[in-house]
Amino acid sequence: MSFAPELRSHSQKVCNFYKRAMRTLEAYHVARYVIRYHQVILRNELDKNKAVCDPKEHRRLLRVAENELFMSQHPIPVAKFARSVGIAGGVAYDRVQVIPDWVMDYWHPLEKAHYPEYFKRRECRKCEYIKKWNDGEIR
Amino acid sequence: MCFNSFFFLFFFMLINFFFFVYFIMNGLSVFFEWEIISFNSMSIVMSILLDWMSLLFMMFVSLISSVVIFYSKSYMNSELNLNRLIILVLMFVFSMVLLIISPNLISILLGWDGLGLISYCLVIYYQNLKSYNAGMLTALSNRIGDVMILMVICWIMNYGSWNYIFYFDFMKNDYVMFIISFMIIIAAMTKSAQIPFSSWLPAAMAAPTPVSALVHSSTLVTAGVYLLIRFNYLLIDMFFFKVLLFLSILTMFMSGISANYEFDLKKIIALSTLSQLGLMMSILSLGFPDIAFFHLLTHAMFKALLFMCAGVIIHMMNDIQDIRYMGGLSLYIPLTSLCLNISNLSLCGIPFLSGFYSKDLILEMVSFNSFNLMVFILFYLSTGLTVFYTFRLIMYVMISDFNLMMIYNLYDEDYIMLNSMFVLLFMSLLSGSFLSWFIFFYPYMIYLPFNLKLMVIYVSILGSILGFMVSNMGIYSLNKLLLSYNLSSFLCLMWFMPNLSTYGLSYIYLNFSQILFKNIDMGWSEIYSGKGIFNILKNYSVFYNIYQMNNFKIYLFSFILWFMILFIFFFI
């Protein structure tokens, strides 16, 4: 969590850093073998410090690594899935807005009077739904 | 609704074509005028000008919009509100036609404002946060131009009417015309996204791809160029044209460099459009409006085609626009890659495609006339950069290895989209020669030394080699220097000008307005009106309630007190 870093363990922070560093390498290089080459080198760099036990040293190494990642980030991060949000997400996130059904309850009665059959059926459906929820048929 | 609109616009295009041929062969120009009111020295008229230029431009606009609407029938197939998009596009075309046929500043304003507003509605069509931000940027940048046109309308009232074409020959050296020319140039710069108003064009790629093909490649962004072509007789000797030359050449150069560092497919094409707009503005400011118009038309054709091909590719790649995930697509989508390659080569100015006729003519005129060395260098450098990013794009998209996931979903057998692209392909191949025969009755006589004549070929070859090299980076490449964070972020983010013109300009004022809002709106004005008066009235009514709701004795006592005051006042 970015808002409470003290609640994450050191290994979680390292894994998060590793993923971001891998994505940065994917942003810089395009051919798959070039990406894998640089990723293997990166993995080797991390594996060199695998056996460190001192927490102070852990924090120092992570700080240095985060700083290096920040200084070498790509100005145009790569996004593999266009409809996702976050570091994997891209341009098509949140394109289709789904209007929730409860908006219909806020219609003015005069507007509702234009579609009497629909709203009558809607009230029946709502009652059925509440009954089914109370009976435990719907979770 | 799609097919109806397509047939209507196609038929409109055919009418315009026949009238254009008739008008240009006979040298005709028709001017309709309806006088609305005339008082003292002011006359308000509604006028329509139909000459070969307006008919030709209307023909191209209606052809591209008809083809784009036909394309969007298939592209936006899953869209629930497709009718909304079609209606917006039709309104856009109507505004554009109004702009094209008006010799009157009021109807130009109607078309100009309509273009800006409808392009805002089209950019925010998808309703995610990115589109909203992009739409706001587009609308506010265009609004500056609208304000300039409004001020021109105020100033030109000095002459008695808003028909500017009547005043060119007579009022050329007037002070009022000096001010008008300055404002017209600013308005055209905002619409055509020249520096410092160039941040909205790459951002507006948040719009759907058919919208980008129509609006952001061929119609909206060329409205500024068209306005300056109409005003050209007035502006030709003005100092501001030299400033426009400087800014447009810088725009051309800057966008050429930014396109080389960009990885979003639509943004690369948008920056390419920006580069060509800079080229049109610069050749216009050098004094060749007919060549600028020629390039405007040929560019519209191949750029719309390029956007449509990009749309097919994006559809195929599951909405991913990043060219780092594309590669080797020419094997799987042969017809689309045919259209893409021809439009790209036309953009580069490869001989005898449509772009060659206009681009080569522009470069030869620049070489033939004795202009500044910087002008010369930046023109050829930008031409080389155009070929550079074009070949880089072709390498990344068409030739390299495929980089995404599966290849079974790569297909382009959607014949609605393909048929619409073939119409523009036909025009991309032939419109250059066709227009050069129609527009230029007498060819320009150009005498150049041999090497200067071939300079275009030299820079094109150099650009293509660099484009090939930079997209083929292996493990031990030498061009890693260009990938350093500082340099690449500076060059790909358009020299940080969008940051300067948005965050840089508004930060101080927004901070100050927050202080004002907190202290005055939510502070003192609440005490002295609003909540303060409410509190006073409430406290008074509580105070008076003590007397009203209390027992009878106090009420009688106040009665007696009041009598005593009256007795003292009247009798003592």
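A few ground rules come first. Because the model is predicted, local features need pLDDT of at least 70 and side-chain atom pairs count only at pLDDT 80 or more, while totals for chains, interfaces and linings use all residues. Residues are numbered from 1 along each chain as its sequence is written, chains are lettered from A and ligands numbered from 1 in the order in which they are written, and side-chain values use heavy atoms, with hydrogens and water left out.

**Where the chains meet**

The size of an interface is often given as the accessible area lost when the parts come together.

Side chains of opposite charge can pair when their charged atoms come close. The table gives two examples.

| Salt bridge | Closest N and O atoms |
|---|---|
| Asp319(B) with Arg83(A) | 2.8 Å |
| Glu26(A) with Arg23(A) | 3.4 Å |

Glu26(A) and Arg23(A) both sit in helix H1 of chain A, three residues apart, or about one turn of the helix. Helices here are DSSP runs (H or I, at least four residues; strands are E, at least two), numbered from the N terminus.

**Pocket and cavities**

Both kinds of space come from a 1 Å grid over the protein atoms alone: a cavity is a set of points where a 1.4 Å probe fits but cannot get out, a pocket is an open set with protein on both sides within 12 Å along at least five of seven lines, and lining residues have an atom within 4 Å of a point. Grid points are joined across faces, edges and corners, and a volume is the space filled by probe spheres set on the points.

The second largest pocket has a volume of about 1100 Å³. Its lining holds 33 residues, with Phe17(A), Leu42(A), Glu45(A), Leu46(A) and Ala65(A) nearest the centre. H1(A) gives the largest share of that lining, 10 residues.

Glu26(A) returns in the lining of the largest cavity, which also includes Arg324(B) and Tyr325(B). The volume of this largest cavity is about 50 Å³, and the whole structure has four cavities of 30 Å³ or more.

**Backbone details in chain B**

Ile195(B) and Pro196(B) are joined by a cis peptide bond, with omega about 0°. Pro196(B) belongs to the loop between helix H6 (175-191) and helix H7 (200-203) of chain B. Gln127(B), although not a glycine, has a positive phi of about 60°, and lies in the loop between helix H4 (105-123) and helix H5 (129-156) of chain B.

Note on methods
Salt bridge = Lys/Arg side-chain N within 4 Å of Asp/Glu carboxyl O.
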